[in-house]
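Please look over the sequence and the model below before reading on. The paragraphs after it are meant to be read with the structure in view.

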Amino acid sequence: MKSVVVFCGSSEGNDINFGQEAYALGKFLALQDIRLIYGGAKIGVMGQVAKGVLDNAGEVIGVIPKFLMKKEVFHPNLTQLIITKDMHERKLKMHELSDGIIMLPGGYGTLEEFFEMLTWGQLGLHQKPMGILNTNGFYDHLGVLLKSMVTQGFVAKSNYDMILNDVDIARLLSKMSSYDPLPAPQLINKEQL
Ligand code: AMP
């Protein structure tokens, strides 16, 4: 992977570990020469992951819609800041620029962004590795819900297995690097053409 998009909170959360792990991930990416793509904010967990990369001479591309530049306090010192016209263009741009996807703790925006990438993956629109860095066990309950979606017949086990998950940064990145994607699903029955 040459570049990874990280989705995470625009808030800091109530435990210092959320920011520290985000910073450590940023540092790890910089040392591995993996470019960070993220939402361009200076605040919250988002700001920490960018700081971790920049403090260690790595590359960061921020992608932010114009209307959020003030609210989310855009980061002035990134390698590049791409300003989009809206949220949809932002997400598409982040997707286009990345070879892998990581979610750290966050709120509604974080989940929305990660799950959209997951659904695109499920449809075979991309085959990128998708990982959750489960700092403080933050996503343990989500894991329970996802398993229940499988047992109750709403998510295929193979699509559940697309989600890589670890509490350890190096292990998560190693799982992502060696990820063997599912063959793209056949969405159209050729007999019907
Ligand atoms: P949050 O996890 O709610 O703190 O948000 C994290 C990031 O997701 C922020 O940069 C938000 O601007 C972004 N975000 C919020 N809502 C959405 C959405 N509907 N689609 C894409 N990104 C969003």
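Predicted model: local features only at pLDDT ≥ 70, side-chain atom pairs only at ≥ 80, totals over all residues.

We begin with helix H1, which covers residues 16-31. At the start of H1, the backbone nitrogen of Asn17 has a side-chain oxygen of Asp15 within 2.8 Å, while after the helix comes Asp33, with a positive phi near 65°. Between these ends, Phe18, Gly19, Glu21, Ala22, Leu25, Gly26, Leu29 and Ala30 are buried, and the elements that cover the buried residues of H1 include strands E1 (3-7), E2 (35-38), E5 (100-103) and E6 (130-133), together with helices H2 (44-54) and H7 (169-177).

Next comes a pair of helices, H3 (residues 87-97) and H4 (residues 108-122), whose axes come within 11 Å and cross at roughly 60°. With that angle, H3 is oblique to H4, and the crossing is right-handed. On the H3 side the contact is made by Arg90, Lys91, Leu92, Met94 and His95, and on the H4 side by Glu112, Glu113, Glu116, Met117 and Trp120.

Glu72 is found in the loop between strand E3 (60-65) and strand E4 (80-84), and its relative accessible area of 11% is under 20%, so Glu72 counts as buried.

Technical notes:
Residues numbered from 1 in each chain as written. Heavy atoms only, no water. Helix = DSSP H or I, 4+ residues; strand = E, 2+ residues; numbered from the N terminus. Expected span 1.5 Å × (residues − 1). Buried < 20%, exposed > 50% of the residue type's maximum accessible area, 1.4 Å probe, protein only. Contact = heavy atoms within 4.5 Å. Polar contact = N/O pair within 3.5 Å; in protein donor to acceptor, adjacent residues only side chain to side chain. Axes fitted to C-alpha atoms, helices over the stretch in contact; angles between N-to-C directions. Parallel < 35°, antiparallel > 145°, perpendicular 65-115°, else oblique. Left-handed = near helix turned anticlockwise from the far one by under 90°.
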